[in-house]
Amino acid sequence: MADYREIISAYKEVPGGIIEAYHAVQKEYSYIPEDAVVYAAQVFDMPKAKAYGVATFYSYLQVGPRGKNVIRICESAPCHIAGADKVVAALEKELGIKMGETTPDGKFTLEFAECVGQCQATPVITINSQPYGDVTADKVAAILAEYK
Amino acid sequence: MAEEMRIVLRNYGKVDPLNIDSYTQVGGYQALAKAKSMSQPDLIEEVKKSGLRGRGGAGFNTGMKWGFSYGVKADQKYVICNADEGEPGTYKDRIIMENDPQSVLEGMAICGYAIGANKGYIYCRGEYPYVVEILNKAIAQASEKGLLGDFNIEVRMGAGAYVCGEESALIESIEGHRGEPRFKPPFPPVIGLWGKPTIVNNVETFANIPAIVDKGADWYKGIGAAGYPGTKVMTLTGDIVNRTVIEVPTNTTIRQVLNDFGGGIAGGKKFKAVQIGGTSGGFIPESLLDTPIDFDSMSAIGATLGSGAFFVMDETRDIVDVIDRISKFFAHESCGKCTPCREGTQRMHEMLHRVKNGGAVAGDLDFMERLGSVMSKACLCGLGQAAPAPVLTTLKHFRNDYTAKFN
Ligand SMILES: Cc1cc2nc3c(=O)[nH]c(=O)nc-3n(C[C@H](O)[C@H](O)[C@H](O)COP(=O)(O)O)c2cc1C
Ligand code: SF4
Ligand code: FES
C-alpha cells in the first residue's frame, strides 16, 4: 500500500487540493487515517482543526478505520419506497452486522447514503462506488460473493 | 401523443463518448469555431436572446449571467460546470456526461471565450468516479487535438455533500474548504472562485450551448414555452412503468410526461402524487397534472421544475412516511451555518416523526406550517429555503393523510 504521506504530498501544489488528496488516500486505504489528516494540515499549511473540519464535513470521506469493502445503501425517497429497508435487513443478516458497523474480519462496512444517482433502478446499493440496481433481498448473497 | 425532442441528448447513442473523432464527425467543435468568429458581446447577446435559462434549478437567463462576468475587468476569470447532481431522483447530468462529454466541454469553452476565461473546472460528485474517468479522457483527447485552444479544463471531485451543489458552497469546496454557502451579494459572476469572476452553470445548460450557437437564438427561442424555451431532460422514478430518462419541449404537460413517456402508474394502480424537481420540490396532486413543466408554470402552482426529476407515488403510498424520510435528508444535509436551517430542519424532522408514529396533535400541523414559512424566508441558502416545500405542499394537498395519523 502506498504511504499516505506520498499520496498527500503529490497534491501540495494543487490549489485547494486537500479534498483531492483525501480522495486519493481514501481510494488506497478505503478511509482516511487520523494521522493522514494531521499530515495534510502540514502539507496544506493550515491548522489541524481546519484539516479535520474539511475531512469531516463530507459524508463520502471517512476519518478513522472502516472495512476494505464499503457498502452504501441509498435511503433517499425513491429508494426508500422501492424497499431499501428490505435490502438493509438482508445485508445485515448476510454479514451479521448492523448498519454503521464493520465485519470482524475487516472485509465489509455497511453505511447509509443519500441518492447515488442511479435512480432508474431503485433500490440501489454501491460497493466501493460500483453501483448495483434493482437490488432485492434474494440478490444480496450473490452480489456479496464477488467480494468475498 | 407528445414526442421527445433531443437537443441536449442530440448525440445520445450516436457518438462514442471515448472517441472524440465521432464527435467531430457529427459537427462537434464547429460551434466553438463559430463562437470565436463572433465578438464577445455579440455571442453573449445571442445566448441571451435564445432565452436559455439555467437547468440547475434557479432558472436564471444564461446569457445575462455571462454578461455580468464579461463586464468585470480581472486578470483571471473562471468557468465552472456544476456536475454535483445530488438532488435525489436525479441522474440526468450523469447520462449527459457518460454519453456525450464533448458537448459539455465545448459549451464550457464557448463560455470561456465569451467572458474571457482560460480556465474551467468541472465539479463532479464523488459518487461518480466512473464519470470522472470519462471526463478526464475526453479532456485529454480535446486538448491533444488542440480543439479547446488555450482553454484548460480540470475535473474536481465532490465528496458527498448535497449543499455543494449550491454554487457558492461549490466554490468553497474547490478552494479546499468545508462546503458552506457564502453570503450574497457579491454573486460569483463578479466575485467567485479565489475572488475572481466565475460563471457556474449546470451540465445540461452547457450541453445546450453548442446547439444554440450552431442553429441560432431564433431557432431555440421558438421551442417549448415562451418564457422558458427549449427542452428539459427529465428522469422518471418511483411507481411508474418506465423508469427512464427523456428530453421534451418545455411546454409538455406533467400528465403527458407521466402517461406518454412514463407509461402510467406501475402495477395498474392509481396515481396519488408526483414530486417534481427532486427531494426539495413540491408534491403535485392529480388536479394539477395539466400544468406545463416549464419553470414559470410550475412556480404558478407552488411547485418547481428544479432538476427535472419526477418521483411518482401510487395510491398505496404513505405520504407522511415519505415526507418523514425527506425531512431526515434535510436534517442530515443542512450545513449548519445558519440557525433557521440548522435548527429548523431538525425540529421539522422530529415533528414529522411524531406525526408518523401517531403521537401528534392537531396544533402540530399549524406549527409545521409556521416553521416552514419562516424557513423559506429566513434561511441563508436555497437548501434551507426549499427544505419545507415538500411539507408545505403536502399539508396543502394531502392534509387528510396527516390527520389520519392522529390517535
Ligand atoms: C442546495 C442546493 C443544491 C443545488 N444543487 C445543484 C446541483 O446539483 N447542480 C446544479 O447544477 N445546480 C445546483 N444548484 C443550483 C446552483 O446553485 C446554481 O444555481 C446553478 O449551478 C447555476 O447553473 P445554471 O444557471 O446553469 O442552472 C443547487 C442549489 C442549491 C441551493
Ligand atoms: S440554509 Fe442550511 S445549508 Fe444553507 S447555509 Fe443555512 S444551514 Fe447551510
Ligand atoms: S434515490 Fe436511490 S439512487 Fe437515487
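This is a predicted model: local features need pLDDT of at least 70, side-chain atom pairs count only at pLDDT 80 or more; totals for chains, interfaces and linings use all residues.
Biologist: How far from an oxygen atom of ligand 1 does a polar side-chain atom of B:T205 lie?

Modeller: Residues are numbered from 1 along each chain as its sequence is written, and chains are lettered from A and ligands numbered from 1 in the order in which they are written. A polar contact is a pair of N or O atoms within 3.5 Å (within protein, one must be able to donate a hydrogen and the other to accept it, and residues adjacent in sequence count only if both atoms are side-chain atoms). For B:T205 and an oxygen atom of ligand 1, the distance is 2.7 Å.

Biologist: What percentage of the area that ligand 1 exposes when taken alone does the protein bury?

Modeller: An N or O atom in the side chain of B:K65 is 3.1 Å from an oxygen atom of ligand 1, and B:V200 places a backbone N or O atom 3.4 Å from an oxygen atom of the ligand. Taken alone, ligand 1 exposes 610 Å² (Shrake-Rupley method, 1.4 Å probe), of which the protein buries 89%.

Biologist: Which element gives the most residues to the shell around ligand 1?

Modeller: There are 19 residues around the ligand (a heavy atom within 4 Å), and B:G56, B:N82, B:N201, B:N202 and B:T205 come nearest. In chain B, β4 (198–202) and α16 (382–386) each supply at least two residues of this shell, helices being DSSP runs of H or I with at least four residues and strands runs of E with at least two, numbered from the N terminus. The most, 3 residues, come from β4(B).

Biologist: Is B:Y29 buried or exposed?

Modeller: B:Y29 lies in the loop between α1 (20–25) and α2 (30–37) of chain B, and its phi is near 70 degrees, a positive value in a residue other than glycine. Most residues other than glycine have a negative phi. Because buried means under 20% relative accessible area, exposed over 50% and partly exposed in between (1.4 Å probe, protein chains only), B:Y29, at 6%, is buried.

Note on methods
Side-chain values use heavy atoms; hydrogens and water are left out.
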